[in-house]
Amino acid sequence: MAFSEEDGSNGGASEASEEREAPGRRRRLGWAATAWLTFYNIAMTAGWLVLAITMVRFYMEKGTHKGLYKSIQKTLKFFQTFALLEIVHCLIGIVPTSVLVAGVQVSSRIFMVWLITHSIKPIQNEESVVLFLVAWTVTEITRYSFYTFSLLNHLPYFIKWARYNFFIILYPVGVAGELLTIYAALPHVKKSGMYSIRLPNKYNISFDYYYFLLITMASYIPLFPQLYFYMLRQRRKVLHGEVIVEKDD
Amino acid sequence: MKHYEVEILDAKTREKLCFLDKVEPHATIAEIKNLFTKSHPQWYPARQSLRLDPKGKSLKDEDVLQKLPVGTTATLYFRDLGAQISWVTVFLTEYTGPLFIYLLFYFRVPFIYGHKYDFTSSRHTVVHLACICHSFHYVKRLLETLFVHRFSHGTMPLRNIFKNCTYYWGFAAWMAYYINHPLYTPPTYGAQQVKLALAIFVICQLGNFSIHMALRDLRPAGSKTRKIPYPTKNPFTWLFLLVSCPNYTYEMGSWIGFAIMTQCLPVALFSLAGFIQMTIWAKGKHRSYLKEFRDYPPLRMPIIPFLL
């Protein structure tokens, strides 16, 4: 799901984050890791804030969404690509999320930005693009500020509330935006035959980007509910202190 | 003779599940599992994990009650391993699939390629050779499952069969589609490349089989003993001097041979996936050998001589 939310991790904040109901699972983060993560999360919060403000100003000045993507694309590409670092954070263990989960989430964002909106220019002015951009922007601002405040050990309740409630609406909105955008891109992909390898060739392999996109769209069906219900469970645990015994540990 | 009492609690909820009295001191865990099944028939022995500590390691079936660090009233914790399926069943299913699936593509059964190609035959020799090699490989695996391998564990979790079959069947279909495609391009260096690759494949198949036989002879039928494998008179087993898991080394070699022979990128990718998995397994096995045997030969690497 490009519309990302991580599992109950808090950006690597070690102690004192109120959501940790298992004190035995505290992590000791070195000062260097804490400093870096704090910087990273502040920078990302700022980046997505800039993105949000630019989008709002564009719409207020021009009154249309046409050309909006073009005006923010550099900033979007920069900050979204920078998020690849989050995989490294998991790999080196300064963030408690699994590498696979982080990898899937960041990869799906990179896929949308670089392999869909960047590469398939005709769809850049679709309304669905604005839909997922809004969803992503609000989510990321909430998420990164949540991590920032957690690391600084001063997490205002409303940020925690936002992080665990906004997704209820934003998740489906983001998914809808993404799916509609990919759907709009399909005819252009089919016509241009882009990113595809045809037979015969000496490596005896073929790849059809059009069918790849169809399969990607289909994969949302099993994946989205899993992620959504996972977040709902996290929400019950964190906000309402429910103790949930997982099926297998 | 003093009898033991055994109480079995759920490892997660600590609920008392079963109380067994008058248990013989020399009873094994396997026997206790059988007794537990009587009161909870849905938990057959293969899906029971009994341990002394809720978060501890599973006790082995062969462990004897009086040799465990318990008083005369023993408390065991139970964890449900989930539905189980036998290793033999899984292996037979996951290997029979590729055998038949490849043939569907080889014979160009309708609805795979265009209708004008239905039931036609490739004009490239290498395509026929590839079919023979691929089929031989999986027949060999099936026969080894039935007659050669001696498994430590009887069962594995049921969900593994879906995972494993998706992997084997999926890749088999993907490879077979291209090798048997009407637009297949034979290897760049022609018959030379095919002959060399075929030689690699055959040698590695013989090697892999030799290792399986050597491993089988390490362990008497019906037992679960573990010993350090050593080279035998069969030259193929001399690879034991350099690696812990030469069966995986030879398996890699076979698929590399097959990839070069068919010059098909999906085959190379399948080989890569297999290599990654077998390396993980080999490293694990190597570590267990080192832990279990003080005198384990130091020259050996897990899967690739001197390197990995």
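This is a predicted model: local features need pLDDT of at least 70, side-chain atom pairs count only at pLDDT 80 or more; totals for chains, interfaces and linings use all residues.

In chain B, strand β3 (residues 48-51) pairs with β4(B) in the antiparallel sense over four bridges, where strands are DSSP E runs of at least two residues and helices are H or I runs of at least four, numbered from the N terminus, and where two strands pair if DSSP finds at least two bridges between them. Within β4(B), B:Asp80 is the bridge partner of B:Gln48. Strand β4 (residues 73-80) of chain B also pairs with strand β1 (residues 4-10) of chain B, in the parallel sense and over six bridges, and there B:Tyr77 is the bridge partner of B:Leu9.

Residues are numbered from 1 along each chain as its sequence is written, chains are lettered from A and ligands numbered from 1 in the order in which they are written, and side-chain values use heavy atoms, with hydrogens and water left out.

Now to one side chain. B:Asn208 lies in helix α5 (residues 190-218) of chain B, and B:Asn208 counts as buried because its relative accessibility is 2%, buried meaning under 20% relative accessible area, exposed over 50%, and partly exposed in between, with a 1.4 Å probe and protein chains only. What does B:Asn208 touch, not counting residues up to four places away in sequence? The list is B:Lys140, B:Glu144, B:Asn247, B:Tyr250 and B:Glu251, with contact meaning heavy atoms within 4.5 Å. The side chains of B:Asn208 and B:Lys140 are joined by a polar contact of 2.6 Å, that is, a pair of N or O atoms within 3.5 Å, of which, within protein, one must be able to donate a hydrogen and the other to accept it, residues adjacent in sequence counting only if both atoms are side-chain atoms.

Chain A, for its part, has eight helices and zero strands, and 48% of its 249 residues count as buried.

Finally, the interface: 13 residues of chain A are in contact with 15 residues of chain B. Between them the two chains bury about 1100 Å², 53% of it on carbon and sulfur atoms, buried area being the accessible area (1.4 Å probe) that two parts lose on being put together, summed over both.
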